[in-house]
Amino acid sequence: MTQYERMVRGLIYDPGDPEIMREQSAFVERQWMFNQLKPYDIAEKQKYMQEVFAECGENCYIELPFRANWGGHHLHLGSGVYANFNLTLVDDGHIFVGDQVMFGPNVTITTANHPIEPELRARGLQYNKDVRIGNNAWIGAGAILLPGVHIGKNTVIGAGSIVTRDIPDNVVAVGNPCRVLRPVSDHDREYFFRQERIDWENLAPGGHAN
């Protein structure tokens with residue numbers, strides 16, 4: 001079994017293997033060019049995401065800069081995904097993102113990990129475990145998602161949280177390590193910030209004000 005095959009299977013492997021490095025370096029170079037685009041080079045941004053990402057749905061937008069070990073080659077985006085500045089992906093493994101997911105600035109998603117056993121770590125070996133994020137989740141600013149975690153649909157991850165384990169659907173979760181704080185509730189349908197009410201009658205479809 002080659003090192004590339006071991007990588008794909010989630011086994012311990014050598015990320016410095018020449019076959020892996022040859023493929024990875026091409027995506028890293030394209031990522032550098034992607035980050036040189038101007039804010040309104042929308043067509044060029046879309047071209048990159050469609051050609052480089054493993055999957056990219058409709059109406060996805062990423063604020064630059066964007067950092068990823070494989071340039072996003074192992075990133076699977078649904079439709080309507082928005083990522084604020086400095087999204088950082090350790091995408092040696094795959095990252096699956098559902099529809100209508102939002103990322104605050106400075107979010108980090110990691111799929112790669114190193115063995116605890118010191119001899120293996122000294123040899124520069126690693127393994128990857130995929131990350132999955134459900135539809136309509138919101139990952140707050142500065143959050144860090146560790147290898148192998150699953151985030152449920154409609155769930156909010158609070159700013160600065162470090163997610164070390166799976167988080168279920170329809171909850172607000174915060175902290176280090178990230179834990180469920182409460183369910184998404186009827187209160188959230190009535191108030192958008194503390195005791196400020198949502199003026200539903202004045203909101204246009206898609207959240208744009210009339």
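Strands β3 and β6 run parallel and are joined by three bridges. They belong to an open sheet of five strands, ordered β3-β6-β9-β14-β17 with parallel pairing. This is a predicted model, in which local features need pLDDT of at least 70 and side-chain atom pairs count only at pLDDT 80 or more, while totals for chains, interfaces and linings use all residues. Residues are numbered from 1 along each chain as its sequence is written, and side-chain values use heavy atoms, with hydrogens and water left out.

**The sheet**
- Strands here are DSSP runs of E with at least two residues, helices are runs of H or I with at least four, and both are numbered from the N terminus.
- Two strands count as paired if DSSP finds at least two bridges between them.
- Ala68 has Leu89 of β6 as its bridge partner.
- Because β3 (66-68) and β17 (162-163) stand at the edges with a single partner strand each, one side of each has no neighbour in the sheet.

**The cavity**
- On a 1 Å grid over the protein atoms alone, a cavity is a set of points where a 1.4 Å probe fits but cannot get out; a pocket is an open set with protein on both sides within 12 Å along at least five of seven lines; lining residues have an atom within 4 Å of a point.
- Grid points are joined across faces, edges and corners, and a volume is the space filled by probe spheres set on the points.
- How many cavities of 30 Å³ or more are there? The count is one.
- The largest cavity holds about 50 Å³ of space.
- Its lining includes Cys60, Tyr61, Leu75, Val97 and Phe103.
- At least two lining residues come from each of β2 (61-62), β4 (75-77) and β6 (87-90).
- Twelve nonpolar residues line this cavity, with no polar and no charged ones; Ala, Val, Leu, Ile, Met, Phe, Trp, Tyr, Cys and Pro count as nonpolar, Asp, Glu, Lys and Arg as charged, and the others, Gly among them, as polar.

**Asn84**
- Asn84 sits in the loop between β5 (82-83) and β6.
- Asn84 counts as buried because its relative accessibility is 18%; buried means under 20% relative accessible area, exposed over 50% and partly exposed in between, with a 1.4 Å probe and protein chains only.
- Leaving aside residues up to four places away in sequence, Asn84 touches Glu63, Phe103, Gly104 and Pro105, where contact means heavy atoms within 4.5 Å.

**The largest pocket**
- The largest pocket has a volume of about 1000 Å³.
- Of its 28 lining residues, Met102, Trp138, Val156, Asp188 and Ile198 are the closest to its centre.
- Two or more lining residues come from α5 (186-190) and from β20 (191-193).
- The pocket lining has 14 nonpolar, ten polar and four charged residues.

**Salt bridges**
- There are three salt bridges in the structure, each defined by a side-chain nitrogen of Lys or Arg within 4 Å of a carboxyl oxygen of Asp or Glu.
- Arg30 and Glu51 form one of them, at 2.9 Å from N to O.
- Arg30 lies in helix α2 (residues 18-34) and Glu51 in helix α3 (residues 42-52), so this pair ties together parts 21 residues apart in sequence.
- Asp188 pairs with Arg182 at 2.8 Å, N to O; Asp188 is partly exposed at 24%.
- Arg197 and Glu190 meet at 2.0 Å, N to O; Arg197 counts as exposed at 52%, whereas Glu190 is partly exposed at 34%.
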